[in-house]
Amino acid sequence: MPPNRLKAAKCPTDELSLTNCAVVSDKDFDVTKIRHLEVITGPNHHYVFTLKSHPSVSPETIGFSAPQRKWAVLSLGQIVDVRPYFFDPNKDFISSMVLEVDFIAKKNTTTEPYDTDKMAAEFVMQFPQQAFTVGQELVFSFMDKKLLIARVKEMEALDVRSGGKTSKVRIGVTMPNTILCFDKADNSPVNLIGKCKGKQTYQSIISPDWNFDKMGIGGLDKEFSTIFRRAFASRVFPPEVIEQIGLKHCRGVLLHGPPGTGKTLMARQIGKMLNAREPKIINGPQILDKYVGESEANIRKLFAEAEEEEKRMGINSGLHIIIFDEIDAICKARGSVAGSTAVHDTVVNQLLSKIDGVDQLNNILVIGMTNRKDMIDDALLRPGRLEVQMEIGLPDENGRLQILNIHTKKLKDNNKLSADVSLQELASVTKNFSGAELEGLVRAATSTAMNGLIKVTSDVEIDPEATDKLKITMADFRNALANDIKPAFGVSEDEIGTYMNRGIINWGDPVNRVLQDGDLLVNQVRTSELTQILTVLLEGPPGCGKTALAAQIALKSDFPFLKIISPENMIGHLESARVQAIKKVFDDAYKSPLSCIILDDIEGLLDYVAIGPRFSNLVFQALRVLLRKLPPPGRRLLVICTTGCKDLLQEMQLLSVFRKVLHVSNLSTSNHLVTCLEELNLFTAKELDVISRMTDSKKVWIGIKTLLDFAEMIRKVEDEYRITKFISILEDEGSLQM
């Protein structure tokens with residue numbers, strides 16, 4: 001009769017410890033008949049062990065290995081109650097088991113891979129028909145490698161009586177066909193490869209509590225999807241699958257685009273979305289150091305942690321994210337920075353070697369952000385480095401609606417947004433607003449509403465019921481649009497308005513023809529799929545109103561981007577500075593779906609002087625290239641140029657770049673002159689009749705700007721002398737001849 005109580009002791013040999021069985025005396029138990037023993041250490045503390053016998057074990061004693069004693073909370077010499085345990089073959093045979101493994105000696109580890117397929121086969125052979133309990137720890141010796149400590153995470157058993165269904169169990173016994181899966185313990189350096197891995201062997205790249213709707217990124221759905229496909233899709237798969245197909249993960253992403261479009265926000269949210277180490281966020285200028293070699297050392301420090309972890313953990317290393325804000329500050333094209341003692345060049349070289357050098361890291365993701373992609377060294381942009389280059393552009397109408405919804409959500413939730421506010425209407429009228437400018441619009445409207453509840457007398461007083469009365473209305477948004485927030489890539493209404501401060505006077509068919517042709521060209525750019533860029537030249541004598549007509553056509557187009565480049569904006573600029581200023585306007589125009597640029601007085605922009613002749617060759621070459629260059633796909637550009645020297649452009653072979661040339665004429669008939677004077681309300685009807693008769697038989701040739709100047713002069717003359725003075729001025733200036 002086996003004893004009911006035994007004394008706990010050490011396992012007699014190291015070999016028996018590796019069997020993970022409890023060892024008893026053959027005088028106490030016949031292990032051929034009693035295979036398993038239930039050990040009871042207290043209420044609700046029952047542990048089942050598979051038995052082995054050994055002659056060195058004293059009677060009424062049971063030997064346990066150190067992991068077994070730790071698991072069952074046993075001390076040496078402790079008296080425990082025992083009884084034989086018999087498994088039900090219908091429901092206690094383990095069909096699958098997940099084990100979490102780590103090195104038993106943390107100071108004695110290796111990066112040598114452990115093949116889980118071979119581990120599974122070895123485990124079943126080492127522990128045939130052995131009892132296991134969820135939470136149990138055991139020692140596992142595998143192919144003379146470092147000893148592993150394994151903990152049973154979960155088990156499923158086959159229930160024969162229910163038609164072969166499986167269910168999770170706390171205790172069971174292994175079979176020859178038990179499916180084994182291995183997980184790596186938290187922060188363990190064990191390098192597991194193979195197919196027999198548990199569900200949690202590798203951490204999912206996507207954080208489990210991530211929610212796209214909570215990211216606060218509006219209008220960038222397409223860009224985010226592209227970045228995910230290119231940069232993160234491969235990281236969703238288990239590391240061994242990636243290793244089998246020989247794939248290298250994407251190691252670099254470059255986000256570029258206008259300021260305020262959400263580059264930094266997207267990079268920050270990508271860091272939160274990923275189940276990775278805490279991102280390192282670096283401002284580009286922080287890397288640079290005045291001491292020789294320190295800038296390069298700063299780069300090496302950023303990658304040191306990732307290098308160490310990859311050496312230790314191999315393909316199971318976690319993802320390390322490094323975010324460079326304003327990366328153009330440290331990655332300028334090599335050789336482009338004069339007098340920098342090659343510091344920028346060596347920093348670029350160091351960064352290139354870390355991302356894609358001889359010792360490649362596969363556990364890093366570098367995210368760079370810049371407004372000036374053109375300044376970054378080309379070597380950094382090739383595949384293997386910052387290979388995913390995503391333009392974060394200005395949002396479209398749907399994107400603007402998403403952004404406005406994000407920034408007004410708290411106002412809606414707290415009932416502070418008036419019912420008359422139409423976010424759809426605001427999204428429609430805020431063309432070329434960036435995300436930051438839309439956020440600023442909401443802030444400006446809110447401050448307007450709050451200001452209405454403040455009384456400023458000798459003291460600043462707030463309405464005591466302000467909290468209840470505060471409502472942001474559509475009028476607040478319209479006020480903010482009119483006075484506070486203007487898009488950086490929008491319409492220069494104030495600047496262009498100065499060229500139309502006296503309005504457009506439609507004095508005859510020549511003006512009608514130019515305006516009608518201008519409307520046709522605008523519609524062509526807006527609707528034609530084949531027209532990406534359309535260049536138009538308005539040519540005519542000085543003072544004929546070319547610039548005003550160009551401004552009228554541009555403003556009437558209602559294109560979201562409208563800028564004017566004129567010689568008066570270039571005063572004091574060197575040739576290279578002029579070229580850069582002109583190029584910047586074109587680059588900005590490429591960021592908008594529909595853009596219009598006015599190049600006023602093109603010969604003035606070229607610095608042309610008749611004596612010589614001389615002109616700026618740099619500006620000439622830049623204009624010739626820019627007027628032919630196609631915008632990026634999906635972007636359309638209308639360029640309206642004005643000149644008073646058509647023949648000059650013909651001689652310079654610049655005239656051929658214009659798709660359409662429109663002639664702007666001077667007033668050339670008495671009827672033109674009278675019609676214009678009638679619009680100006682300068683003379684009475686009787687006076688106009690007199691002027692008509694006096695000019696009818698004479699040749700009229702006067703520019704509209706000149707006529708407007710004369711008109712302002714005549715307004716100061718006494719009524720009875722106005723006609724005489726007006727006619728004499730025209731004759732003296734040669735605008736009225738026989």
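**Exercise 1.** In this predicted model, work out how the span of helix α17 (residues 509–527) stands against the expected one, and where around the helix axis its buried residues fall.

*Solution.* Begin with the length: α17 has 19 residues, and the distance from its first C-alpha to its last is 27 Å, which is close to the 27 Å expected at 1.5 Å a residue. Next, list the residues of α17 that are buried, namely P510, V511, V514, L515, G518, L521, V522 and V525.

**Exercise 2.** Determine how many residues of strand β18 (residues 320–325) are buried, which way they point, and which strands pair with β18.

*Solution.* Count first: six of the six residues of β18 are buried, and the strand is mostly covered. As a general point, the side chains of a regular strand alternate between the two faces of the sheet. In β18, H320, I322 and F324 point one way, whereas I321, I323 and D325 point the other way, and all of them are buried. Now consider the pairing: strand β17 (residues 280–283) runs parallel to β18 and is joined to it over four bridges, while six bridges connect β18 to strand β19 (residues 364–370), again in the parallel sense.

**Exercise 3.** Explain why strand β14 (residues 179–184) can be called largely enclosed, and identify the residue in β14 that is the bridge partner of V101.

*Solution.* Five of the six residues of β14 are buried, so the strand is largely enclosed by the rest of the structure. For the pairing, note that β14 runs parallel to strand β7 (residues 94–103) and that six bridges join the two; the partner of V101 in β14 is K184.

**Exercise 4.** Describe how helix α24 (residues 685–695) and helix α26 (residues 722–732) cross, and which residues meet.

*Solution.* Two packed helices are described by the angle and the distance between their axes. Here the axes of α24 and α26 come within 11 Å and cross at roughly 35°, and the crossing is right-handed. At the contact, E687, V690, I691, M694 and T695 in α24 meet R722, I723, F726 and I727 in α26.

Definitions and conventions. Residues numbered from 1 in each chain as written. Predicted model: local features only at pLDDT ≥ 70, side-chain atom pairs only at ≥ 80, totals over all residues. Heavy atoms only, no water. Buried < 20%, exposed > 50% of the residue type's maximum accessible area, 1.4 Å probe, protein only. Pairing = 2+ DSSP bridges. Expected span 1.5 Å × (residues − 1). Arc of directions from axis to C-beta. Axes fitted to C-alpha atoms, helices over the stretch in contact; angles between N-to-C directions. Left-handed = near helix turned anticlockwise from the far one by under 90°. Contact = heavy atoms within 4.5 Å.
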